[in-house]
Amino acid sequence: MVRGGRDGARVRRVTWRVPEAPAGEGAALAEMDFGTVTRSSALHAKPPGLSSQYGTAGFRTKAENLDHTMFRMGLLAVLRSKQTKSTIGVMVTASHNPEEDNGVKLIDPLGEMLAPSWEEHATYLANAEEPELQTVLSEICQKEALDLQHNAFVVIGRDTRSSSKELSESVVDGVAALGGQYHDYGLVTTPQLHYMVCCRNTHGNYGTATVEGYYQKLSKAFTELTKQAVSQRDGHVCLKVDCANGIGALKLKELEHYLPGCLRIHTDNDGLKGKLNHLCGADFVKVHQKPPVGLEMKTGERCCSFDGDADRIVYYYIGTDGRFHLLDGDKIATLISTFLKELLVKTGQTLTLAVIQTAYANGSSTRYLEENMKVPVHCAKTGVKHLHHKAQEFDVGVYFEANGHGTVLFSKAAEEKIRHQAENEKDNRKREAAKMLENMIDLINQAIGDAISDMLVIEAILALKNFTVQQWDAIYTDLPNRQLKVKVADRRVIDTTDAERQAVTPPGLQEKINALVKKKKWARAFVRPSGTEDVVRVYAEADTQENADNLAYEVSLAVYHLAGGVGEEPKPVG
């Protein structure tokens, strides 16, 4: 295999001849020799006819079909780095997918998702047949007017899948083929790599770009924040964490050495016995509304689940009635935004605060935030990049998908005001509130949803408010809901509007949904096409579980008949 320059190593600059661009376009294009890329690509040849699409989660498919894609994403990361004059990240993971799958996604300079125009480049490059590779790379360079003389630096990380190490080496080969430098962080959570990218591109202002730096930043903020906790009673002593048999277990055990003794963590599904994401993890718990296999729960015990790459988290417990209680992304957003609003009021700061939800957010959470807490709620399309973008419009933007993926964004101006007040405020009460906000800023991974960071934020708030998990859950009662999916011949027949809450096509579907919703109390339902497979996702909520289940079933039938359902007709839930 071809290998490139390690972090800080000298790298030979190769020349690659790019076809001449039209006048005024790509004037800064340099010359490079394409031979190196061609020879390297032959070692990672694309199977003819195989195609894939870069979506919100990057590329995801069976691991054995990804070698050429990984190599080419190494190439693309170099081009993106040259264009932005910044470090770019490449994460090898398939998150909550089964263990036999894998995937890859690129991370932009501030730790955010890859820009949409470059998602298109990624798809175009991944699907190019071998003889077309030079042409496609040249077209990307011309379209982006790249100056190929700029240096490129790429950081790489991977999850614990058996296929991840070899696939990450294919990424390295791609980086090396275009003369890029790289640093391989090895085994990291997805949010940790996002953090590293942000640290490197802010010249250390966001933090130190090492795993140890990540642990030190979070643990220091958590320790400072919880110093003011009134009580460390039994309800706050131990937290059971289902790590989905993934990378989260490894990193949580490393973090424990940095945390104060007041928070004890018991890890389950730590990868020593079970299979990644199999009958465990945040996605399993959220979808099936039941505890993961491999985690022993006693009544009232506080538990949470990460997903496979530790960027999602959900909490849950068993009530005295023996019933399973789930606290998902909606409950997390409510807890965090309520706490932040209380602190902002205490500081006297007039900063805008908003919660960003998707159509999947439970109606009770929206009503509680708007009517009880007077916190503005905005709805965005499903997908973290849409929520993240909307949250940037506010001084403090809290966003969580119901699946437990989310974080908090602070505008630069808001952060400066808070830090200045924490340092200079004469009023003790206001200064203490500002200091707590400052520690919240440092505890939150603003680059992306981060299960470890979010867990510490939640644990700090529960300790400071002296809340049990049951008291947190009692803030509002979720409306019963049900999610189903319907297989269709072509998911593109479904087109939506109003942040995916209304179906525009096929004709008659939305009218049918409206009629079904009118028959139930507190009811709401919507449908949306999957971003990765030919299925239509159905969501329904109503005043009782029976009514929610029945509404989801009836809407599924309407989708099946009006949107080209395939296979067996949907059956009633139960």
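## Contacts and fold

Residues 24 or more positions apart supply 71% of the protein chain's contacts with a separation of 6 or more. A contact here means heavy atoms within 4.5 Å. This is a predicted model, where local features need pLDDT of at least 70, side-chain atom pairs count only at pLDDT 80 or more, and totals for chains, interfaces and linings use all residues. Residues are numbered from 1 along each chain as its sequence is written, and side-chain values use heavy atoms, leaving out hydrogens and water.

The protein chain has 18 helices and 19 strands. Both are DSSP runs, numbered from the N terminus: helices are H or I with at least four residues, strands are E with at least two.

## Size

The C-alpha trace of the protein chain spans about 70 × 65 × 50 Å along its principal axes.

## Burial

Of the 574 residues in the protein chain, 58% are buried. Buried means under 20% relative accessible area, exposed over 50%, and partly exposed in between (1.4 Å probe, protein chains only).

## Cysteines

How many disulfides does a search of the whole structure find? It finds zero. A disulfide is a pair of cysteine sulfur atoms within 2.5 Å. Cysteine 262 is in none, and the nearest cysteine sulfur, in cysteine 238, is 12 Å away. Cysteine 262 is partly exposed because its relative accessibility is 24%.

Cysteine 303 is buried, at 0% relative accessibility. Its sulfur lies 7.8 Å from the closest cysteine sulfur, in cysteine 304, so the two are too far apart for a bond.
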